[in-house]
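Open the model in your viewer and keep the selection tool at hand. Each stop below says what to select and what is there.

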Amino acid sequence: MSMSPNASVSNGPESAAKRRRTIGADTVGSSVAIPAATPPAHIPKRGARACTACRKGKNRCEGDAPCRRCQLSGTPCIFEKPEKKPAAPVAAAFHLERLARLEGQYMVMQSHVIGMQNSLDRILQVVQGQAHSGAMFPPPPPPPQAVGNRPFEEDRGDKFPPLPGFAPPPHKYATYGIIPSTAASSDDESEDTLPRATLNAPIEALQGLANAAAEAAAVPSASAPRVKKRKRAEPIPRNAFPHVVEKGLVADSEARELYNIFFAGCHLFIPVFDPLYDTYESLMERTPWTFDAILAVAGKIRSGNGPLSPTFYKCLEEAQGIARSSLFGPVVRKEAVQGMLLLAAWSTNGWLPSGHAMRMALDLGLHRALEKLADDTGKQRTQEEERDLVISARIWLCLYWFDHQMSLGTGRPIVLRDENSIRHCRLLLNHSMASPTDVRLVSQVELIAQKTQIYETLTQMNGQVNHNTLAFVRRATIALEKWYDECDELHRQTMDGDSLLRKILAGELHYAKLWLVCVALRGVSWDKMPFEQRELAFEAKNAASSCLDIFLSSPEYRAALRYAVHDSLVTAAFSGLFLLKMASLFPAELDLALITVQVEQLAQLLSDVAAERYALTLRIMLANLRRKVGLGSGIQTPVPHAGPPPPGFAEMVVTPTSYVDPNLPPPFTMEELGFGPGDRNIVIPAAIPLWLQEQSLNDLALPVNGSDGIFLQMAGNGWAGDFAPMPEAW
């Protein structure tokens with residue numbers, strides 16, 4: 001059909017009539033100007049311009065009502081109105097914004113590709129130039145040598161402060177058999193943005209080419225190189241650092257003794273190991289970092305209240321040196337997370353190292369291990385792959401619990417909120433490679449998940465204690481008791497009623513009830529509480545008393561406290577502090593003699609296991625109670641003699657002066673704390689936290705900063721003492 005104007009005129013009267021029908025509206029309104037931007041009206045299709053009878057008979061219809069065919073046949077001529085298509089939304093601005101965003105991402109990706117291409121060209125030039133020598137890169141400089149027990153320093157003339165630690169290991173960046181993470185990089189990625197995996201894919205591909213080129217250059221061959229299929233993961237490289245036994249710093253017999261000390265009780269409080277798999281030889285070969293950390297923890301426990309041994313300092317220095325190198329070097333082993341977790345767990349300030357361990361685990365993809373274990377698609381895994389998933393899941397669960405516990409215990413924000421990574425935690429219990437301590441690990445994870453929900457709910461109430469708050473506390477208490485019943489049943493399947501793990505589980509229930517009330521009633525004037533709040537306070541007192549009874553009545557628990565971490569020691573010490581404050585508020589309703597005897601026993605028990613930070617805090621609160629009870633009722637409570645003060649307490653004691661401020665309570669003396677008199681006999685008031693001072697005796701709630709606002713801050717705890725001062729970060 002011709003598209004010329006003449007062809008359109010020569011179509012006869014029928015086409016002219018069609019044109020008249022089509023443009024009739026335009027000719028009628030020709031005197032009205034139509035804007036150019038107005039979209040054209042919707043023109044119905046040919047089938048929509050025919051009547052119903054003609055369309056059913058597939059006959060040609062004139063389009064006028066009534067049509068001639070219907071007039072001749074006497075059929076009603078009915079025209080159905082065509083369906084109007086919805087107008088397309090005006091989204092010009094949206095499309096322009098999306099186009100600009102995609103163009104910007106494309107430019108960024110193009111610049112990255114150009115830079116990587118230049119880098120690859122340089123790498124290939126080096127490979128071609130050094131292929132005959134068999135070495136791709138020059139060997140890294142040797143790490144600086146240590147002098148005695150001092151941190152490592154480099155003998156250079158630059159202006160930077162000497163950083164202690166080891167040089168980063170010369171590892172390549174690759175997956176090394178670790179579980180790859182397929183999680184989204186961020187929650188802000190939408191369908192309109194390029195996924196970040198597409199930006200990282202060229203980097204991974206080029207890195208694989210570079211690694212393959214390095215291997216080909218290291219092994220020269222006369223024959224033509226064969227093209228092999230690239231493996232999904234490269235083998236894990238050798239350990240970059242030797243352990244203390246290999247370096248000759250610790251004898252093998254002493255290292256075995258320390259290993260046995262650690263697995264005599266430490267693995268119960270940080271259940272991240274399987275004693276059947278993590279043997280002495282296995283840990284020594286697989287992970288010098290974790291091996292040195294285990295020996296350091298055991299060395300501190302073996303020293304007890306005595307001076308710390310040189311073995312402890314050597315092992316700790318080696319473990320911390322490897323830990324520092326992981327800050328700026330690649331981490332290729334999941335056991336590295338175990339080593340960092342141990343250094344954080346037995347430290348009084350484990351917030352920073354636990355955060356680093358969390359990010360190492362995320363980088364290695366350990367948070368995907370439970371999801372892969374729960375995958376029932378029928379994919380077959382080898383025994384080695386199954387073992388890798390079980391170990392990765394155990395490490396992740398322990399780290400998840402510890403990081404959340406550190407956040408709740410110190411009042412810091414919770415960094416990780418991905419509960420999907422722990423929802424399959426009970427899979428470990430029925431697995432053939434389960435550890436005897438997995439039941440405790442699962443119980444801890446489920447408890448910390450409940451405590452996190454409780455804390456976030458109470459935080460949203462902004463300190464308002466009303467009927468809704470008290471009702472929530474009741475419901476939370478029921479949920480905690482249900483958690484205990486389920487977990488105790490899991491323990492009962494393999495343990496009797498007097499086992500240590502079941503005692504620990506019961507103590508955690510009572511402390512969780514105490515913690516719940518102290519968080520809910522934060523900011524309440526405890527000496528002026530209404531009846532319902534007062535009833536909650538006495539329920540918390542009963543929980544604290546039950547918790548204290550478990551510590552003091554179980555010989556297994558008393559003996560295991562020497563292996564305990566900070567969290568378990570806080571559980572015991574805060575229970576005693578709460579009872580002392582309740583006795584100060586309600587002396588006529590509580591048995592003061594029984595409470596003081598129990599707290600004195602607990603303080604002595606903590607002193608015996610070198611937990612002086614918690615023992616001294618209890619002694620200060622005891623002195624507060626004796627002052628108040630002795631002055632108010634005339635009762636003179638005898639003070640037991642606790643022996644010489646610990647070394648870390650010396651910085652808090654000064655020589656008494658003649659000036660005494662009458663507006664402040666008199667400072668505590670060494671005799672009041674149970675120690676013998678000396679030249680330095682007065683405790684500095686500023687060294688005592690506000691929560692322990694006399695003006696805060698009516699405050700039973702947890703402070704905002706948690707345990708940091710309750711217990712004394714003592715120096716020389718063994719992890720930082722006796723070392724040269726560390727330089728601050730620049």
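Predicted model: local features only at pLDDT ≥ 70, side-chain atom pairs only at ≥ 80, totals over all residues.

**Stop 1: the annotated domain**

Select residues 50-79. An unreviewed UniProt entry annotates this span as "domain: Zn(2)-C6 fungal-type".

**Stop 2: C61**

Now pick C61. It sits in the loop between α3 (52-57) and α4 (68-73). Is C61 buried or exposed? It counts as buried, because its relative accessibility is 16% and the cut-off for buried is under 20%. Show its surroundings next. Beyond the neighbours within four places in sequence, C61 is in contact with A50, C51, C54, C67 and F79. R49 is 12 residues from C61 along the chain, and their C-alpha atoms are 7.9 Å apart.

**Stop 3: E257 and R302**

Turn to the salt bridges; the structure holds 25. Select E257 and R302. Their closest N and O atoms are 3.6 Å apart, and the two form a salt bridge. E257 belongs to helix α7 (residues 252-262) and R302 to helix α10 (residues 288-303), so this pair ties together parts 45 residues apart in sequence. Both ends are partly exposed: E257 has a relative accessible area of 39%, and R302 is at 28%.

**Stop 4: R286 and E335**

Select R286 and E335 next. This salt bridge has its closest N and O atoms 2.8 Å apart. R286 is in helix α9 (residues 280-286) and E335 in helix α12 (residues 335-345), so to speak distant parts of the chain, 49 residues apart. Both R286 and E335 are buried.

**Stop 5: R502 and D488**

Move to R502 and D488. Their side chains meet in a salt bridge, 3.0 Å from N to O. The pair links helix α18 (residues 500-520), which holds R502, with helix α17 (residues 467-492), which holds D488. R502 is buried at 13% relative accessibility. D488 is buried too, at 14%.

Salt bridges with shared partners join D278, R286, K334, E335 and D388 into one network.

**Stop 6: Y557**

Finish at Y557, in helix α20 (residues 555-560). Y557 is buried, with a relative accessible area of 3%. What does Y557 contact, leaving aside neighbours within four places in sequence? The contacts are L500, K503, I504, I550 and F551. Select L500 with Y557: they are 57 residues apart in sequence, yet 6.2 Å apart from C-alpha to C-alpha.

Notes
Residues numbered from 1 in each chain as written. Heavy atoms only, no water. Helix = DSSP H or I, 4+ residues; strand = E, 2+ residues; numbered from the N terminus. Buried < 20%, exposed > 50% of the residue type's maximum accessible area, 1.4 Å probe, protein only. Contact = heavy atoms within 4.5 Å. UniProt positions renumbered as here; feature names shortened; annotations may be inferred. Salt bridge = Lys/Arg side-chain N within 4 Å of Asp/Glu carboxyl O.
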